[in-house]
Amino acid sequence: MIAETVCSAVSAAGLGIAVVTAYRKRYLAAARIAAYSLVPVGLVMTGVVGWLADTAFSPTAWAGFGVLGVAWALFSTTRAVERRRGGTRAERKAAARGAQRDAVAPTASAPSLSPATRPAAKPAAAPRGGTSGDDFSDIEAILKKHGI
């Protein structure tokens, strides 16, 4: 009963503010304020406020919230452990099978790059004399490497 009275008073105050706002020729804001102020009355009329009041004072409802909290904690804990291990059990088994298959390649003793595909060694730039040249030689080498 008290909740319904409070919701009605809040709605009446909101509608009063909407009227004052409309008087100041801010019709869009007044319509928005009126919409917000009608929400509490709508909640009372649909019975949501009564349901919330019954739930707030029910020990069974609070026990249910406790059970939901424990379930959430279990879900989040198992998810965190799963992420640390690297996926689900099926994913770990598939990864282990793939690693065993690819552990030793048939041509493991052959070099990975043939001489034709190896990049050619570039000659090192000759260092320049002087202290100011030594300071900028590394920067010049980097710029030349990137074609600048």
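Helix 2 bends by about 30° at Val39, and a proline, Pro40, follows within four residues. This feature belongs to a predicted model, whose chain has six helices and zero strands. The notes below start with helix 2 and then turn to the rest of the chain.

**Helix 2 and its surroundings**

- Helix 2 covers residues 27-46, a run of 20 residues.
- From its first C-alpha to its last, helix 2 reaches 28 Å, which is close to the 28 Å expected at 1.5 Å a residue.
- The buried residues of helix 2 include Ala29, Ala30 and Ala34; Ser37 and Pro40 are buried as well.
- Helix 1, residues 2-23, is included in what covers the buried residues of helix 2.
- Just after helix 2 comes Gly47, which takes a positive phi of about 95°.

- Lys25 lies in the loop between helix 1 and helix 2.
- The phi of Lys25 is also positive, near 65°, and this residue is not a glycine.
- Is Lys25 buried or exposed? Lys25 has a relative accessible area of 63% and is exposed, because exposed means over 50%.

**A nonpolar patch on the surface**

- Five named residues, Val39, Leu43, Val48, Trp51 and Leu52, form a nonpolar patch on the surface.
- Together these residues have about 460 Å² of accessible area.
- Helix 2 and helix 3 are the elements that give two or more residues to the patch.
- Which element supplies the largest share of the nonpolar patch? Helix 3 does, with three residues.

- With a relative accessible area of 55%, Trp51 is exposed, because the value is over 50%.
- Thr55 is also placed in helix 3, which consists of residues 48-56.
- In contrast to Trp51, which is exposed, Thr55 is buried, because its relative accessible area of 13% is under 20%.
- Leaving aside residues up to four places away in sequence, Thr55 touches Ala61, Trp62 and Phe65.

- Side chains of opposite charge can pair when their charged atoms come close.
- The structure holds one salt bridge, in which the side chains of Glu82 and Arg79 meet at 2.5 Å, N to O.
- Glu82 and Arg79 are separated by about one helical turn, because they are three residues apart in helix 4 (residues 59-85).
- Glu82 is partly exposed at 24% relative accessibility, and Arg79 is partly exposed at 43%.

**The chain as a whole**

- From the N terminus on, the elements run α-α-α-α-α-α.
- Of the 148 residues of the chain, 11% count as buried.
- The chain exposes about 12,700 Å², and carbon and sulfur atoms supply 67% of that area.
- Among contacts between residues at least 6 apart in sequence, 33% join residues at least 24 apart.

Methods. Residues numbered from 1 in each chain as written. Predicted model: local features only at pLDDT ≥ 70, side-chain atom pairs only at ≥ 80, totals over all residues. Heavy atoms only, no water. Buried < 20%, exposed > 50% of the residue type's maximum accessible area, 1.4 Å probe, protein only. Contact = heavy atoms within 4.5 Å. Areas by Shrake-Rupley, 256 points an atom, 1.4 Å probe, with all protein chains shown as cover. Expected span 1.5 Å × (residues − 1). Bend = angle between axes of the 7 residues up to and from the residue. Patch = residues over 30% accessible without salt bridge, like charges linked within 9 Å, V, L, I, M, F, W, Y side chains within 5 Å. Salt bridge = Lys/Arg side-chain N within 4 Å of Asp/Glu carboxyl O.
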